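Please examine the structure shown below before reading on.

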Amino acid sequence: MALLEVKNLTVRAEDKEILRGINLTVNAGEVHAIMGPNGSGKSTLARALAGHPGYEVTGGEVTYQGEDLLELAADARARKGLFMAFQYPVEIPGVNNAYFLKAALNAKRKEAGLEEYDAMDFMTLVKEKARLLQIDETMLQRSVNEGFSGGEKKRNEIFHMAVLEPVLAVLDETDSGLDIDALKVVAEGVNALRGPDRAFVVVTHYQRLLDYIVPDVVHVLSEGRIVRSGGRELALELEAKGYGWLETAGAGA
Amino acid sequence: MATVAERHETLRAEQERFARAGSAAPAALRALRAAGAARFDALGLPTTRLEDWRFTNIAPIAATGFRLAGEDAAGAPALVDAVGVEAAARVVVVNGRFAPALSTLGGLAPHVRVQGLAAALAADPAAVTARLDIPDTDHAFIALNTSFLEDGLHIEVAPEAVVEGFVHLIYVTTASDAPVMTHPRTLIVAGARSRLRLAQSFVGAGGAVYLTNTVTDVMLGDGAFVDIVTDQREAATAFHVAALRVDCGAASEFHSRAFTLGGRIVRNDLLARLGGEGAHVTLDGVYLGDDHQLIDNHTSIDHAMPHCTSHELYKGILDDHARAVFNGRIVVRLDAQKTDAKQTNRALLLADTAQINSNPQLEIFADDVKCTHGAAVGQLDDEAMFYLQARGLPYVEARDMLLHAFAGEVLQGIAHAPLRAAVEAALFERLERDLARHDAVEGRR
Ligand SMILES: Nc1ncnc2c1ncn2[C@@H]1O[C@H](COP(=O)(O)OP(=O)(O)OP(=O)(O)O)[C@@H](O)[C@H]1O
Ligand SMILES: [Mg+2]
């Protein structure tokens with residue numbers, strides 16, 4: 001059984017039809033990359049999977065771990081191991097980053113019937129993850145994303161992922177805005193989590209990320225549909241030729 | 001509808017009864033009361049025809065025949081314990097009268113004098129009356145308070161004296177068969193370069209109908225520092241009208257952090273005068289409104305001298321049919337060059353039926369000044385809610401986290417940690433209660 005099975009998914013936001021029939025199968029252990037031009041619907045797919053209430057599913061099915069994902073609210077999805085790294089992480093003044101992360105982790109553990117972490121155990125865990133991802137510890141004690149630089153926000157997303165240890169992580173352009181060293185650190189964070197029970201869907205514009213996080217499958221999303229899927233050489237081809245040739249190919253296919 | 005004259009018939013009868021009973025009081029005090037009564041007569045109880053009361057209909061106060069609260073202190077210790085925090089001194093006022101038996105003044109150094117106002121008046125009627133005689137009030141409730149002036153608190157800090165910790169003033173109204181009113185008067189005189197932190201807690205018997213009409217006057221000498229936390233936790237059935245008048249000397253610093261939790265109709269007037277160069281005031285507040293509560297915060301800052309700063313941040317959380325008014329007046333006089341004034345009022349409306357009227361009122365006569373004001377009214381930030389939920393927090397937990405953050409900005413300003421914890425706990429306990437009902441209706445828990 002696939003970890004994630006998306007069948008003919010159509011999604012609308014504010015009366016605009018954005019996704020027009022997405023089919024995607026992700027098995028445990030795999031990394032899928034999603035590429036595609038601006039406005040093609042990549043973030044919409046990520047948000048719809050995460051359960052954003054502003055995105056209305058008008059048709060199709062999504063099965064996650066054998067369960068109807070669309071039946072679950074965003075928070076329930078997260079507690080079942082789905083994680084989305086935001087393309088634009090939200091600034092939340094007054095909410096302490098570490099405090100929030102502890103609440104999120106404990107919500108998940110509680111649901112799994114595990115003992116909740118106390119402040120001490122949590123800080124020990126978090127400091128270790130922070131060191132791994134070269135996160136400055138002062139970032140833990142600041143308000144969530146508030147005043148973080150673009151790169152710090154992305155790193156913080158991966159840090160949250162590292163602490164929450166999701167089963168399926170959807171990373172929406174986590175590489176955008178990262179300098180080359182940060183990109184490597186983020187990729188290491190992802191690779192450290194890779195394993196036979198987990199999967200990743202990585203949205204990116206740049207094949208460079210895929211040098212570090214090597215995908216099993218590359219998909220191209222265009223105008224709300226996946227118009228081409230292939231191996232990692234597809235990313236190289238896109239880098240060289242752009243998307244123009246594909247859209248015609250996709251339309252003719 | 002009853003006419004204004006008819007409406008305060010009971011009040012006038014009480015004033016007359018009070019005057020007769022107090023005929024032995026010092027002449028200066030009797031004159032002050034009489035002036036208050038005359039002023040109140042001329043003003044009458046405010047109606048919504050007055051600009052300053054446009055959104056605040058006090059008809060339920062006018063329609064209740066309040067008698068002056070008696071001396072029965074039964075139940076007072078429990079109410080005091082409910083709000084009391086470990087402090088350098090605890091000063092209790094029961095039904096408008098200083099209650100030495102419930103107070104502990106032992107922890108105060110001799111350069112801080114805390115007395116009942118009645119005692120201070122008896123000891124030195126001319127001087128204390130002169131200090132209380134702050135003229136020129138258009139505020140009928142202040143005049144009403146003066147007409148009933150009898151007791152309250154008198155706090156005096158000697159020049160240069162530093163009060164360690166904080167002094168907790170607790171105003172209690174005990175249960176009674178019929179509606180009662182209290183008119184506590186508090187006079188705080190902070191000598192030059194002295195430092196004083198205070199809290200004023202207001203509390204009353206649950207379910208009782210009463211009116212607290214409190215007036216607090218604070219005078220800061222040059223370079224003095226005074227910080228007052230107002231912890232208003234009146235019964236939900238009570239009415240609370242409060243005036244805080246502040247007069248700031250040169251280079252003095254005054255901070256007010258006002259937390260409004262209780263009361264059916266609440267009206268707070270904060271009137272600060274920056275009367276010396278280089279003075280600063282902070283007026284911050286959090287107000288919670290639920291049910292059919294009406295909460296009106298009127299602040300007025302008079303920048304009379306150059307190089308003064310004022311900083312104002314009010315935050316409201318309104319649910320159900322609650323209504324709030326925020327009126328922030330800032331006057332910058334011709335001479336008050338280099339004024340720096342900042343005012344912000346933010347309100348979160350958790351229900352479509354909650355309302356706020358927010359009105360900045362800037363009157364600027366000087367030309368070299370920096371004045372900013374902003375008002376924001378809205379719901380909880382959807383994207384922030386989604387972010388928290390998408391990391392696994394259930395709706396209620398995510399919302400509460402955002403509400404804590406919202407109020408936290410003002411709570412942080414409470415310097416004394418145990419006091420901050422107590423106010424925070426009261427605030428969120430109250431919020432939790434309101435929201436539990438709200439969530440039950442919407443099927444969230
Ligand atoms: N909430 C919304 N309301 C209305 N339109 C939306 C909404 N969200 C997305 N859209 C529109 O849907 C289209 C797809 O947006 P989406 O953010 O999914 O694109 P994307 O592929 O992630 O683009 P990019 O590469 O620029 O991040 C765009 O035209 C966008 O304007
Ligand atoms: Mg996008």
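A:Q87 is buried, its relative accessible area being 14%; buried means under 20% relative accessible area, exposed over 50%, and partly exposed in between, with a 1.4 Å probe and protein chains only. A:S43 likewise counts as buried, at 13% relative accessibility. The magnesium ion, ligand 2, is coordinated by A:S43 through OG and by A:Q87 through OE1, at 2.0 to 2.1 Å. This pair links distant parts of the chain, 44 residues apart: A:S43 belongs to helix 1 of chain A, whereas A:Q87 lies in the loop between strand 6 (82–85) and strand 7 (92–96) of chain A. Donors here are N, O and S atoms within 2.8 Å of the metal (3.2 Å for Na, K and Ca), and sites may look incomplete because water is not among the atoms. Helices (H or I, at least four residues) and strands (E, at least two) are DSSP runs numbered from the N terminus.

The model is predicted: local features need pLDDT of at least 70 and side-chain atom pairs count only at pLDDT 80 or more, while totals for chains, interfaces and linings use all residues. Residues are numbered from 1 along each chain as its sequence is written, chains are lettered from A and ligands numbered from 1 in the order in which they are written, and side-chain values use heavy atoms, with hydrogens and water left out.

Ligand 1 is surrounded by 16 residues, the closest being A:K42, A:S43, A:T44, A:Y55 and A:H205; a residue is near a molecule if one of its heavy atoms lies within 4 Å of it. By type, this shell divides into four nonpolar, eight polar and four charged residues. Oxygen atoms of ligand 1 lie 2.8 Å from a polar side-chain atom of A:H205, 2.9 Å from a polar backbone atom of A:G39 and 3.1 Å from a polar side-chain atom of A:K16. Of the 630 Å² of accessible area that ligand 1 has on its own, the protein covers 72% (Shrake-Rupley method, 1.4 Å probe). Strand 2 (16–26) and helix 1 (42–50) of chain A are the elements that give two or more residues to the shell, and helix 1 of chain A gives the most, with three.

In chain B, ten strands form an open sheet of mixed pairing, in the order 3-2-6-9-11-13-15-17-19-21. Its edge strands, strand 3 (97–98) and strand 21 (370–378) of chain B, each pair on one side only; two strands pair if DSSP finds at least two bridges between them. Strand 13 (residues 253–260) and strand 15 (residues 280–289) of chain B pair in the parallel sense over eight bridges. B:F259 stands opposite B:V286 in strand 15 of chain B.

Key
Polar contact = N/O pair within 3.5 Å; in protein donor to acceptor, adjacent residues only side chain to side chain. Nonpolar A, V, L, I, M, F, W, Y, C, P; charged D, E, K, R; others polar.
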